[in-house]
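User: I would like to go through this structure and ask what stands behind the words used for it. Please give the cut-offs as we go.

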Amino acid sequence: MARRTIKVDYLARVEGEGGLKVVVRDGKVASAELNIFEPPRFFEAFLRGRAFNEAPDITARICGICPVAYQMSAVHAMENALGITVTGSLRDLRRLIYCGEWIESHALHIYMLHAPDFLGYEGAIDMARDHGDVVRRGLSLKQAGNEIVTLLGGREIHPINVRIGGFYRAPRKRELAPLAEKLKWARDAALETVRWSSSLDFPERERDYTFVALRHGKEYPFNEGRISSNRGLDIAAAEYDDHFEETHVERSTALHSRFKGGGTYLTGPLARYNLNFDCLSPLAQDAAREAGLERNCSNPYRSIVVRAVEVLYACDEALRIISAYEEPDRPAVPVEPCAGSGYGATEAPRGLLYHHYRLESDGLIAQARIVPPTSQNQASIEEDLASYIGDFLDLPDDELRHRCEQTVRNYDPCISCSAHFLRLDLDRG
Amino acid sequence: MVAARHRPRLAVWKFASCDGCQLSLLDCEDELLAMAAAVEIAYFPEATRGTIVGRYDISLVEGSITTPHDAQRIRDVRQRSRVLVTIGACATSGGIQALRNFADVQEYASVVYARPEFINTLASSTPIADHVPVDFELRGCPINKRQALEVISAYLATRQPVTPSHSVCIECKLKGNVCVMVAHGTPCLGPVTHAGCGALCPSYDRGCYGCYGPKETPNAPPLSQRLAELGMDECTLQRVYRSFNANAEPFREESERHGP
């Protein structure tokens, strides 16, 4: 029996430690597994007994790539438990810092992690030898996103200025002015990124995905909206556990998120785009059409173009927020601890990030639950490998391995995040 | 004919961590390509799939040791590295995951995982220096990317890195910040915390929360006394020292003096 095993022991250009294994038998893909060997860090365990207002800083440390997402899901879940709502300029500032993280994280993925797959390089530093201007544009775009996070948050990784109720210090209007100048350049660079990425060579592969993302209806979702799908799902974050579950897959010790009653789904840029195209700014919609994207896109290899469209939107939205900004009367809504249960779901660059906390009357955390996007996408990643790789089996091992890695990187998986909540396959065999 | 210049080989390793410190290197947007020209990036899986097996001139190590396998792996990294620099709070003190050192790790595993018997983990999270000799420790959760560039440059120039070991208080004075604790009564760990961040939190009207770990020769008990006068109860006092550098000795000792 012809048997061929493609193994990638240490998946590069993803955040965290993972590998994958694809078994081919008689010319067909027999199994495809994404293995996660990131050591567990037990966040949900040690959050118990911590004060409610520590959650944003502690959960940020789950992921150095998307700390703002963790801070945002944490503050929204806590505010839900405490019965407060943040509105006006403070709400806008939260969208603004999220714009920064999307620009920074997406630019990193597009130019440094994903593009080398399409152009045949080991990484962006190799790629820079032949495509110096492209890589430099990517780095400057990433820097523009980081400048937003740094101004609002104090630093780009693990920002220190986010708190429940708002911020420790709100920026002065004049502090935002220089940022706007950089963002005008970034918006042009993002437009260029959409055009450039659409010229890459995409395998024509599509599946009938169930897309899950927030939908707000009036704005492209960052912090707020209902959890929605292209198959009629429309629920509040508080109902998440009624509809989704983490199941144990027999051949792996990793938990996969699925719909209760079965069915995998995809979360992230592709899902957001498919569910919220009408809420993109006119500039982003036009750029998407010009790049050959329809209102719906089910080819995960084209996610690099969708990310570029989201970068363009985030630049556009950041400029809108900065020009409309009025300094708030106070940097945060005052909060008092009380017993309660709170739920929050926001859109991390990689997709839906769900937090749930139960608080004691003194504000100490009694229970914490966090579901990051990569654990939700893991089942979909494996299904993509199983259904797409079959067409590439004629390739030599090395190229096939590369194609498998590219298929995983379509999701921009953040393994550092997901492993903290997954049961791990620790068979390192 | 001039012989080809030897470019020092740089490797970046990851243990239990959030990836943020190694991301700081990729966040050096203006310097990254120049750095890549000055050194040969021989192993950096977050950035490139290309690897060079062998020996490395500088190894940057992120993350703490939490599994038996990682306790072995760090020995191999040490053997193959001329200079080994730890980057960040996890590698330098054990990180936030060292909160398990004060708890029962089996109980932790049973809270997070339905089948805790699958989890092969150590009872403690420990810094790299507990396992192998370390040439330099760069602090911070996350590290300051300017300091990271300074450390790499220093080793390329075979000199000692310049990273002051005084407190965040000194950084506030240098910056001209009004003291948040004296002026506003805001609890602040600045007096005992290692410099490096540029006094970020006080610059944003917030007290320092100690993410750079203890300064050289800190004197924590008088600070705790002042924090208690400001209204901090014993349990909160224990928690403020038990965060991202909970396992760093001065913070661990001070945390053990407080609690329920």
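Analyst: 49 residues of chain B are in contact with 51 residues of chain A. This is a predicted model, in which local features need pLDDT of at least 70 and side-chain atom pairs pLDDT 80 or more, while totals for chains, interfaces and linings use all residues. Residues are numbered from 1 along each chain as its sequence is written, and chains are lettered from A and ligands numbered from 1 in the order in which they are written.

User: What makes residues of chain B and chain A count as in contact?

Analyst: Two residues are in contact if their C-beta atoms, placed from the backbone, lie within 7 Å. The 49 residues of chain B meet that limit with 51 of chain A.

User: Which element gives the largest share of the side of chain B that touches chain A?

Analyst: H1(B), with five residues. Helices (H or I, at least four residues) and strands (E, at least two) are DSSP runs, numbered from the N terminus.

User: Why are S11 and S13 of chain A said to stand at the edges?

Analyst: The open sheet has the order S11-S12-S13 (chain A), with antiparallel pairing. Strands pair if DSSP finds at least two bridges between them. S11(A) and S13(A) each have a single partner strand, so one side of each is left without a neighbour in the sheet.

User: How do you know that S12(A) and S13(A) pair?

Analyst: Six bridges join S12(A) to S13(A), and at least two are required, so the two strands pair. In S13(A), Arg369(A) is the bridge partner of His356(A).
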